[in-house]
Amino acid sequence: MRRQSWQDLYAANQAAISAAMAPTAEGPGASTRTALADPAPSRGPLVHVPRGLDPSVAAPLVCMLHGCTQDPATFAAATRMNQAADRHGFIVVYPGQPRARNALGCWNWFRPEHQQRAGGEPLAIIRDIDEASARHNVDLGRVYVAGLSSGGAMALILAACFPDRIAAVAVHSGLAFASARDVRSAYDVMARGGVDAVAAGHAAHAAMGAHARVVPTMVIHGTADKTVAPVNARAALQQAMVANQLAAPGARRHDVAHPTHVSQGHPNGGHPFERLIWTDEHDAVIYELLEVKGLAHAWSGGARGAAHTDAAGPAAGEAMWRFFEGTTPG
């Protein structure tokens with residue numbers, strides 16, 4: 001499919017907000033755990049396959065990276081991403097961070113050994129994606145990654161280190177690539193921001209290496225987030241813009257201060273939000289920022305009563321899928 005114009009994407013997103021709670025036509029899919037490719041102790045990634053998928057047709061895949069204190073099962077339930085997958089026909093894989101690597105189950109996004117392609121957690125996650133792809137008919141040109149908090153920061157690491165494997169990335173309440181190098185600097189940037197987005201963009205482009213390409217990027221953040229300061233949202237997006245401009249110097253240049261289109265919304269019973277979109281020279285969406293007014297450090301539009309979620313919405317999972325779907329040419 002062609003990349004969508006901002007008008008198309010805006011209309012689809014508005015419709016998705018209303019449809020997010022609709023029943024699934026095919027009924028719920030099946031979720032299974034697979035053998036873990038990464039030898040670190042864990043129960044392995046959770047894989048969800050919607051019922052009714054034609055096994056002869058390659059399906060998109062979304063890799064979902066949980067936040068601290070979560071695991072694949074709790075993250076799947078909290079985000080309601082399986083329900084979104086059932087509605088739209090994509091496979092979901094939920095890698096898990098073993099507590100042996102981090103006592104709180106956080107992805108170690110702030111350590112240099114996990115900010116590279118050659119090994120560490122990014123490679124372990126890619127192996128989980130490969131495991132799911134080996135068991136199911138996955139369209140390898142439509143593999144996306146999304147994450148919350150530490151998972152959001154790790155999602156940006158995957159986009160930088162594996163741009164040849166990740167078609168687009170969505171970050172919820174996360175942080176820019178290489179914005180910290182140890183625990184102390186991680187807490188500093190979480191609390192106050194202060195990321196040099198240009199330097200971070202150059203670092204992300206360097207991590208891309210010979211695989212450098214434009215990776216469409218979406219950021220979702222709550223304005224009332226007291227765990228990861230909201231200023232980190234624009235820093236993450238600006239870093240992606242810098243890296244992508246270095247990867248494609250002849251393409252349209254972007255800056256977070258100058259979006260192509262700005263709109264506001266207020267779902268029934270949910271939080272008001274502002275959506276900012278940046279497009280390329282063909283009017284196709286390349287970047288999106290969804291700022292949710294009054295949202296704390298929680299997944300927007302998640303399951304009611306689940307940890308680290310705010311059921312009020314807008315529905316982050318639906319918005320992410322619409323972004324992914326609209327930014328991948330076919």
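Helices (H or I, at least four residues) and strands (E, at least two) are DSSP runs, numbered from the N terminus. Buried means under 20% relative accessible area, exposed means over 50%, and partly exposed lies in between, with a 1.4 Å probe and protein chains only. The model is a predicted one, in which local features need pLDDT of at least 70 and side-chain atom pairs count only at pLDDT 80 or more, while totals for chains, interfaces and linings use all residues. Residues are numbered from 1 along each chain as its sequence is written, and side-chain values use heavy atoms, with hydrogens and water left out.

In sequence D130 and L140 are 10 residues apart, and their C-alpha atoms are 9.5 Å apart in space.

Leaving out residues up to four places away in sequence, V145 touches C63, L65, A155, L158, I166, A168, V169, A170 and F324. Contact here means heavy atoms within 4.5 Å. V145 and M320 are 175 residues apart in sequence, yet 9.8 Å separates their C-alpha atoms.

The whole protein can now be described. It has nine helices and 12 strands. Of its 330 residues, 57% are buried. Among contacts with a separation of 6 or more, 69% are between residues 24 or more positions apart. The accessible surface is about 12,600 Å², and carbon and sulfur atoms account for 54% of it. Such areas come from the Shrake-Rupley method with a 1.4 Å probe, and for residues only the protein chains shown count as cover.

Next come the empty spaces. Rolling a probe the size of a water molecule over the atoms shows where empty space is left. On a 1 Å grid over the protein atoms alone, a cavity is a set of points where a 1.4 Å probe fits but cannot get out, a pocket is an open set with protein on both sides within 12 Å along at least five of seven lines, and lining residues have an atom within 4 Å of a point. Grid points are joined across faces, edges and corners, and a volume is the space filled by probe spheres set on the points.

The largest pocket has a volume of about 450 Å³. It is lined by 24 residues, of which C68, L104, C106, Y187 and M190 are the closest to its centre. Helix 6 (residues 183-192) gives the largest share of this lining, four residues. By class, the lining of the pocket has 12 nonpolar, 10 polar and two charged residues. Ala, Val, Leu, Ile, Met, Phe, Trp, Tyr, Cys and Pro count as nonpolar, Asp, Glu, Lys and Arg as charged, and the others, Gly among them, as polar.

There are three cavities of 30 Å³ or more, and the largest cavity has a volume of about 80 Å³. Helix 5, helix 7 (197-208) and helix 8 (231-247) each give two or more residues to its lining. The largest share, four residues, comes from helix 8. The lining of this cavity has nine nonpolar, three polar and no charged residues.

Some details of the backbone remain. Most residues other than glycine have a negative phi, and most peptide bonds are trans. S149, in the loop between strand 5 and helix 5, is not a glycine but has a positive phi of about 60 degrees. S149 is buried, with a relative accessible area of 10%. H308 also has a positive phi, near 60 degrees, and its place is in the loop between strand 11 (299-300) and strand 12. At 34% relative accessibility, H308 is partly exposed. The peptide bond from G313 to P314 is cis, with omega near 15 degrees. P314 is in the loop between strand 12 (309-310) and helix 9 (316-327).
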